[in-house]
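Thanks for coming, everyone. I'd like to walk you through one structure today. Please have a look at it first.

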Amino acid sequence: MKLQKLTIRIIAVLFAFSAVACVDKDFRLDEASMEMTLGQGKTIIPLGYLKEQTIGDLLNTGQAIEGLSIDPDTGEYSFSFKGDAASFGVEGIPTSLGIPAMVNSFSVAYPEFNLSAKSVEIHQGKEMKLNMGVLDKFGVSGSYRVPFKVENAITGNLTETITPEHLYVQVPEQIEDIVAVFFKDIESGHQGAPLHLKLDLNDLKGINGGGELNIDLKLAGGNFIMADGDGNRYDDNHFAKSYKIKEGDEFVEFVLYIDRIVNDKTLDSNHALDIPLSLTYDLDFSLDVMPGEFSLANLPKFNVDADLEYGDADVMLSKSVMLVDYHSTEANDVVIDSIPAEIVSVKSINLKDNSRIQLFARGLDWFGDAADLIEVDITLPGYLSLHSLEGVTYEYVESAHQLKATLADLEKGIDIGLDAIEFEGDGVRPEGGKLHLDFAPDIEVHFAKDAEIMVSSLMPESVENIVISTGIDAMEFTIESVSGCIAYGYDYSQKVQLGDLTGGMGLEINGEGLSPIIRIEIGNPLSLEATIGASITPMVGGEVRSENVISFDNLTIAPAEYVNGEIVPSKMYLVLADESRREEFEGGDYTFVACSVGKLLAGAMPDGLILDFSVDTNSEEVSTLYVAEEFELSYSYSLDVPLAFNSDLSIGYSGRAEGLKNTFELLSGYDIKIGDLALLVNAVNSAPLQFAINAQLLDANGEPTSINLHIPEGGGIIKGSDDGVKGAESQMRLELKVPSGDLSGLGDVDAINFDFELKGVTKDSVPLKDSQSVSVMLQLELDGGVTIDLGSFAGASRIE
Amino acid sequence: MKRKIVSLLFAFVALVVAGSVTAQTLNSSYFMEGSYFRTDMNPALTPTRGYVAIPILSGVGAEVNTNFMSVDKFFFKKDGQVVTGLNSLVSADEFLGRLPKTEKMSANVSFNFISAGFYRGKMYWNFGVNIREQADMALSKDVFTVLKTFGNGTYDLNRTALNANVYGETYVGATYPVLEWLTVGARLKFLTGIVNIAANFDQMSASVTPENIKGDLSGTININAPVVALTNMRPGDTFNFDIFNLANGVKLGSFGAAIDLGAEAEFLDKSLRVSAAVTDLGFIKWSRKTTAVADIDGAFYFNGVDFATAEPDYGFDASMTMSEASNSGYTKMINCSLNVGAEYNILNNRIGFGLLSHTEFYNSMAYSELTVSANFRPLNWLSATLSHTLLSGNKAGVFGFAFNIHCPGLNLFLGMDYIDTRYVKYENMSVPRMASSVNAYFGLGFNIGKYVAK
């Protein structure tokens, strides 16, 4: 029982003890601080990264930067700006040449062509020898009456040679030879001197019972061309014909016309033609006798009568005898005006193909039919460079500068190719834009060789002095080129807008580490060697920076070529760069011009350039300017700024991010504390640029906030590569200084000022290439964890 | 906020143990001779009288066992104020040093439909029908390490697992004193599998390095439930919760068996009683028709923002796909327990000093407790026990107490294994400070038969 009681008591005590136990009243869970610190050690967590990306990849994925270009061979970057091909007109060069009419007139006496020739008379009568025949049986003497008809009772014959005076023709010197002398009928004046031949039967006429007369006549002294009354022609000096004697006729008469004698003799020393003539005839007749009376007192008689009157002559004209031999003593002044002042002296004005002048000779129309036989040799002024055209009848002797044409052609006017107007020596100097020319042609008019003509055609009715005009009509020609001393000069200025080559980044450039290159391609449309000078002045924001101008002068550009009638402008490629780059460009197609191109970029990247060109041709030496309708001096240019960096160059960029108050204000409402926070940027960079940053957090008043960035000594730089090949490893450290770890101060941050600086690494410039790469690992280092008060997130604050 | 946290905690516990009636492990009741609960722990240990348990009224209880969830492990007093272990005033060693290597939590619930026991001669027969729920979870300590000392390093959470079993248990047990000093007992249990969930992760880790933060998850989840219907689901298909569909009917096809075996030996003229038992040694063959196995794979990584694309380089991939093992049955052991106890009695068995080793074998872990108790039996109808459970994260000052009135016609039981003697305040409530487990149970039944002395 006792034991039971004891047990119960023990149980009760224990129960009571257990029930009351120990309550720590100071340990209040409802007052427990909900401030928790997550992570207390140093923790580095990744924020972001950029896997090894080449500069090429980075630039390709971002917004395209206008003007950034890459060399396909080397991969080197440059800012490039290419100007559109442009040109400016070169004016004032004449394209046509107007030549005024050049005429020279003179008066000459008409030459003598008349032939004088005495008429050759032939008068002879000869009795015929008769053969009475049967009548002889009757012993006829005296007169007798024939009672009956007897055929062929009487025959007769006669052979005689007549030797008249010589045919003597006095020939003027213009006639070289007589080809033929034409006779004329002295009475009618018609051509062909009649040779009357008459057989007068005389006392036999009473018994003429008809018969026949046969004649065989020969002339000597030349080749006579004869014709009988029937129009039959007889050459070879021989005339033979039978005539019928009609019964009862008292005579038989016929005419033999002697047209001409073709000469086979030369002129004698007196320049005359002396032709001995002779006429031999052989005549026979037979006569039928009819009853009638006849006598033998007057026997039949044959009469030959002729007056060989000179009518005309077919002559060979003398080529050596000048019809006109005119040498100008006074030249006409021909003025070519509108010569540009730039043409200092004219050596030649070359004309386009198919340029031709029309040469004429007037006043010689009296020569009539002889015009084709008359040659005119005109020696033109030496400054006219001519050539004969194809298919023409005239001849141009270039060596003598002489045109040989017939009078007939000249009367119509002949075209001759005009190549140029050329002057000897250094040419002639225009005065007041005018070129004075002397026009004084020499003219020789003569007959053509072996010119044969009838003298009558050279005998106009009344000609004494004649006025001859020769010359060239006024013409307008298209100039192909002008040779001489030419002094064209042009100045040209253009503003070029480059735009913002840095893509709106507003970079500040210090130092002259950038070594830009300006390439200029100039086309010279003038076939004249020229010297070129230029200046380039940068503009930044519309402001002209004259202090940064670069220039060059006295560069010689080759003349344009003239190929197949086309002007092919010459091209010149200039490279303007620093002297140190000469080796890169020498030996190629470029002309290297050393100048401090970097001056253009000093301070800031220009957004515009002023280009001034001056072009001058050499006026001291003779050159040939080929002419075109328009001349355009073309040019194009490019500005390349190779992105090669050295330690002398720094590129800065300052920026400000504003309007951040709302970004961080969210945190200010919460009780969040952090330990030491740092942003780590681990980079491997094979680009030749080191990157430095400085930043400051600002409040709405522009004052630094209590929370701010701190960059430890040497911790704000990402290194660049020395050689652009090997990557440089570095770590940038940006510490966020948070007083008491209280992040709520971030709510005051309204803006972040930051300054970036890119700087070259070594003294030597190392280019930026697409193959260079950057890899970045961005980490957040938190030492001391993040302390949050859960109560503040739930809207309840920590009870203090 | 604080109230919310505490409320959530209580709600969680309530959800886990809602409906519990009979606690599986009432350590304090092991040596209580009048309690019929002790037979559940060792079939050789019988109550002093037969009984009939009234459904619903026979007991109400909740039990959550953890080895880490106590106030003193998470709240500290520093500089005169109470702070959490994550407060900067608490060092990592101090906070993490209080936590075990693997955080374990288990919740066992048993709903008793009917149970009864009676003596017939020397044989004690007992039977009953229960619905039992066994759930356990293991959590790697690295979860708290990450919170406290988050930094660069690798965190291994592989020791995370979650298992749950719900099954019906119909048992018949018998206890017989084979020798004067030796009593043996057994229970044969027919088991009807209702729900089995097992989630095992053979890969669950996270690492934080300056280069990346990543985590991997790989595991499987077995689900067997009577409303699972794998209609049109094939291996490789994305797991879809549509497989749980009452429209397909409720199919109970998973069965199993278990046995409880126990023995008690008395020595030194019954002064020393040594007992040992293994309970719930059995299995359930889960039907293929109601089995869904999903492979879980997940991974996440964060490498930072890829500046090339301005997009965060992260990945999160989680998939739950039907495994090849779906629609195939499997046999799984249920959680068994090993109870080994020894009690030394004095004063004619009025007072006994007991030592109980209770080990729960879960799928993912083994959970051991060692309970020392002072057992008082002043009267035949009154028992009380004062205990302290060791090796469960309990600190000194956490006691268990139970008392049992087992008079004829009435069996009233009230007990708690984890009664903290040190409390802290939360508003007007006193909250145990040291106890990491909690259970409380109340039982009401009717005793039948005469008293059988022990």
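**A tour of chains A and B**

B:Asp269 lies in the loop between strand 11 (254-267) and strand 12 (272-286) of chain B. Its phi is positive, about 60°, although B:Asp269 is not a glycine. As background, most residues other than glycine have a negative phi.

Some ground rules. This is a predicted model, in which local features need pLDDT of at least 70, side-chain atom pairs count only at pLDDT 80 or more, and totals for chains, interfaces and linings use all residues. Residues are numbered from 1 along each chain as its sequence is written, while chains are lettered from A and ligands numbered from 1 in the order in which they are written. Helices (H or I, at least four residues) and strands (E, at least two) are DSSP runs, numbered from the N terminus.

Now chain A as a whole. It holds six helices and 63 strands. Of its 800 residues, 35% count as buried. Two residues are in contact if their C-beta atoms, placed from the backbone, lie within 7 Å. Take the contacts in chain A with a separation of 6 or more: 86% of them come from residues 24 or more positions apart.

Next, the interface. How many residues of chain A are in contact with chain B? The number is 50, and they meet 49 residues of chain B. Several elements of chain A each supply at least two residues to that side, including helix 1 (2-20), strand 1 (22-28) and strand 63 (773-789). The largest share, eleven residues, comes from strand 3 of chain A. By type, the side of chain A that touches chain B has 26 nonpolar, 16 polar and eight charged residues. Here Ala, Val, Leu, Ile, Met, Phe, Trp, Tyr, Cys and Pro count as nonpolar, Asp, Glu, Lys and Arg as charged, and the others, Gly among them, as polar.

Strands also pair across the two chains. Pairing takes at least two bridges found by DSSP between two strands. Strand 1 of chain A and strand 22 (residues 422-426) of chain B run parallel, joined by four bridges. In that pair, A:Asp24 has B:Val424 as its bridge partner.

Stay with chain B for a helix. In helix 5 (residues 142-149) of chain B, the buried residues are B:Asp142, B:Phe144, B:Lys148 and B:Thr149. Seen down the axis of helix 5 of chain B, these fall within an arc of 155° (taken from the directions from the helix axis to the C-beta atoms), so they line one face of the helix. Their cover includes helix 4 (92-97), strand 6 (123-140) and strand 7 (153-156) of chain B.

Back to chain A, and a sheet. Five strands form an open, antiparallel sheet in the order 26-36-30-33-32. Strand 26 (322-326) and strand 32 (395-397) of chain A are at the edges with a single partner strand each, so one side of each has no neighbour in the sheet. Strand 32 of chain A runs antiparallel to strand 33 (residues 402-406) of chain A, with three bridges. A:Tyr396 stands opposite A:Leu403 there.

A:His401 has a positive phi of about 55° and is not a glycine. A:His401 is partly exposed, because 18 other C-beta atoms lie within 10 Å.

Two more pairings. Strand 42 (residues 517-524) of chain A runs antiparallel to strand 53 (residues 631-642) of chain A, with seven bridges. A:Arg519 stands opposite A:Ser638. Seven bridges also join strand 42 of chain A to strand 48 (residues 570-577) of chain A, again antiparallel. In that pair, A:Ile522 stands opposite A:Met572.

Last stop: A:Ala594, in strand 49 (residues 590-594) of chain A. A:Ala594 counts as partly exposed, because it has 14 C-beta neighbours inside 10 Å. Setting aside neighbours within four places in sequence, A:Ala594 is in contact with A:Asp578, A:Glu579 and A:Arg582.

Definitions and conventions: A residue is buried if 20 or more other C-beta atoms lie within 10 Å of its own, exposed if 12 or fewer, and partly exposed in between; C-beta atoms are placed from the backbone.
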